[in-house]
Amino acid sequence: MFTSLSTELYQFILAQGFMFGIGATMLFYPTISAISHWFDQRRGIALGIVVASSSIGGICWPFMLERLFVQVGFAWTVRTAGFMCLALLAPSCLLIKPRLPPRKSADVTIGEMKNSFADTRYALLTAAMFFIFWGMFIPFYYLPSYGLAHGMSLYMANNLLATLNAGSFAGRIISGILADKLGRFASTPDHIKTRSH
């Protein structure tokens, strides 16, 4: 919502970069954690289905936003998206319940957190995941611009995002199935490739 009121660059950075990032994190991680509480045997497929739902949104949003930008302008498009998110997320926030009680913050000390980064495997996993997500999300932001730069119409360039999300829908569910069958870390593409040799 604050993005629709922004007029200066720093306001866009604070609203879209900072506040949106915090809000998305506060919605995403508790949801993923709650799903993990309820599933043990088929946790991979359960999480795959949950994260595949973002692909469905990724198919719908580009079409909706493209039409709204033309019909009502930038500010009301952002407000409409905000109101839709509020209407869809409010019931979700009320319905998601953890199975296990929350841990006390005193259970994990700062020293234990530092020790976990001293473990080479954990530090490498954390660094690898940073670069994987960095590389994964950049195409989402620049794919329409790339299509426009190579002669696509605006409509077709925006369709690239919907196509990318449609493809990721199946990939997210399949990776969840593979995680249940091969193991949670063994389902990554590099591990599958090495096991096949």
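This is a predicted model: local features need pLDDT of at least 70, side-chain atom pairs count only at pLDDT 80 or more; totals for chains, interfaces and linings use all residues.
Start with helix α5, residues 120-149, and select Trp-134, which lies in it.

Next, go to helix α6, which spans residues 154-182, and pick Asn-165. Asn-165 has a relative accessibility of 8%, so it counts as buried. Show what surrounds Asn-165: beyond residues up to four places away in sequence, it touches Ser-54, Ser-55, Gly-58, Ile-59 and Phe-140. At Gly-58, look at the backbone oxygen, which is 3.2 Å from a polar atom of the Asn-165 side chain.

Stay in helix α6 and select Asn-158. Asn-158 is also buried, because its relative accessible area of 17% falls under the 20% cut-off. With neighbours within four places in sequence set aside, the contacts of Asn-158 are Pro-62, Glu-66 and Pro-144.

Finish with the cysteines. How many disulfides are there? The count is zero. Select Cys-60 and display its sulfur: the nearest cysteine sulfur belongs to Cys-85 and is 12 Å away. Cys-60 is partly exposed, at 46% relative accessible area. Move on to Cys-85, whose closest cysteine sulfur is in Cys-93. That sulfur is 11 Å from the one in Cys-85 and therefore too far for a bond. Cys-85 is partly exposed as well, with a relative accessible area of 32%.

Conventions: Residues are numbered from 1 along each chain as its sequence is written. Side-chain values use heavy atoms; hydrogens and water are left out. Helices (H or I, at least four residues) and strands (E, at least two) are DSSP runs, numbered from the N terminus. Buried means under 20% relative accessible area, exposed over 50%, partly exposed in between (1.4 Å probe, protein chains only). A polar contact is a pair of N or O atoms within 3.5 Å; within protein, one must be able to donate a hydrogen and the other to accept it, and residues adjacent in sequence count only if both atoms are side-chain atoms. Contact means heavy atoms within 4.5 Å. A disulfide is a pair of cysteine sulfur atoms within 2.5 Å.
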